[in-house]
Amino acid sequence: MLRLVKFDRHATVKRLCDLGLASIGLVLGAPLLAVAAAGIRLSSPGPLLYRAPRIGRAGRPFTMYKLRTMHVGDTGATSAITGRNDPRVFRFGEWLRRAKIDELPQLFNVLRGDMSLVGPRPEDARIVAEHFTPLHFETLVVRPGLASPGSIYNYTHGERLLTGADPERDYVEQLLPFKLALEVVYVRRASLRYDVAIIGRALATIAAVLFGRRRFPDPPEAPEARQLMAQAGATCAHSTPAIAPNEPAPRRY
């Protein structure tokens, strides 16, 4: 009972922080969103926003908002996952993705209660249905978020794994299991102090990438994530992706 009360108190305080910080973020980010909107209009015809169907807390579907970074129409690419040099991504959209500015509209998702500032990144319904294991479903007990250990790892290490002819297959086989294990670590450790640390790590990582850094170490949650995977009976194919810590860091899908 005490543990439940503590969890409820944490959830309440976290929700209040989400509402306050998301409101401030939208006000401060309004000029940036306006510039991004103008750049999208000049770069590619089509809507400003991309509405991504995702699975949220308790398995409930919701629409996650992003600034559109891809051309509308047939570009020859069919994968649901965006690989490196994907022809659908226009040049200004690539910069938006690198700077994570395309994620700013998700502050509206935070205000609506679909998401939190910190939490496991939400996945597509088909990815959840076809590739989640019992361990992975632990990520659905909390609200998904903008920042998380898994999203930071994906941002710094992920794209190098998505260079094949089928980026979606590469994603679910080589990146997704370790990324979700990192998210489970977050869920099991969740606290307000941990959330603040993750926000700081995310902002610092984005700044480092924009200033040209391409080499990042494994996240501090990596040993515990690997242990979770081993305990869950993960095969060698689903172990930590074979990227040396000092290799040039790619960006997220």
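On a 1 Å grid over the protein atoms alone, a cavity is a set of points where a 1.4 Å probe fits but cannot get out, while a pocket is an open set with protein on both sides within 12 Å along at least five of seven lines, and lining residues have an atom within 4 Å of a point. Grid points are joined across faces, edges and corners, and a volume is the space filled by probe spheres set on the points. With these terms, a search of the whole structure finds two cavities of 30 Å³ or more.

The model is predicted, with local features needing pLDDT of at least 70 and side-chain atom pairs counting only at pLDDT 80 or more, whereas totals for chains, interfaces and linings use all residues. Residues are numbered from 1 along each chain as its sequence is written, and side-chain values use heavy atoms, leaving out hydrogens and water.

The protein contains eight helices and four strands, where helices (H or I, at least four residues) and strands (E, at least two) are DSSP runs numbered from the N terminus. Their order along the sequence is α-β-β-α-α-β-α-β-α-α-α-α. Of the 253 residues, 49% are buried, a term that means under 20% relative accessible area, with exposed meaning over 50% and partly exposed in between (1.4 Å probe, protein chains only). If contact means heavy atoms within 4.5 Å, then among contacts between residues at least 6 apart in sequence, 74% join residues at least 24 apart.

The largest pocket holds about 700 Å³ of space. It is lined by 25 residues, and Leu 104, Leu 146, Ile 199, Leu 203 and Ile 206 are the closest to its centre. The elements that give two or more residues to this lining are α1 (2–43), β4 (145–147), α5 (149–158) and α7 (192–210), and the largest share, seven residues, comes from α7. By class, the lining has 19 nonpolar, four polar and two charged residues, where Ala, Val, Leu, Ile, Met, Phe, Trp, Tyr, Cys and Pro count as nonpolar, Asp, Glu, Lys and Arg as charged, and the others, Gly among them, as polar.

The second largest cavity holds about 70 Å³. Its lining is made of 13 residues, with Pro 120, Arg 121, Pro 122, Thr 139 and Leu 140 nearest its centre, and divides into eight nonpolar, two polar and three charged residues.

Turning to the strands, β1 (residues 49–55) and β2 pair in the antiparallel sense over seven bridges, pairing being assigned if DSSP finds at least two bridges between two strands. Within this pair Pro 53 stands opposite Thr 63 in β2, and in the hairpin, which has five residues between the strands, Ala 58 takes a positive phi near 60°. Strand β2 (residues 61–67) is mostly covered, with five of its seven residues buried.

In α2 (residues 91–98) the buried residues are Gly 93, Leu 96, Arg 97 and Arg 98, and just after α2, Lys 100 takes a positive phi of about 65°. Helix α8 (residues 222–231) includes Ala 222, which counts as buried because its relative accessibility is 1%. Leaving aside residues up to four places away in sequence, Ala 222 touches Phe 178 and Leu 182; Ala 222 and Leu 182 are 40 residues apart in sequence but 6.8 Å apart in space, C-alpha to C-alpha.
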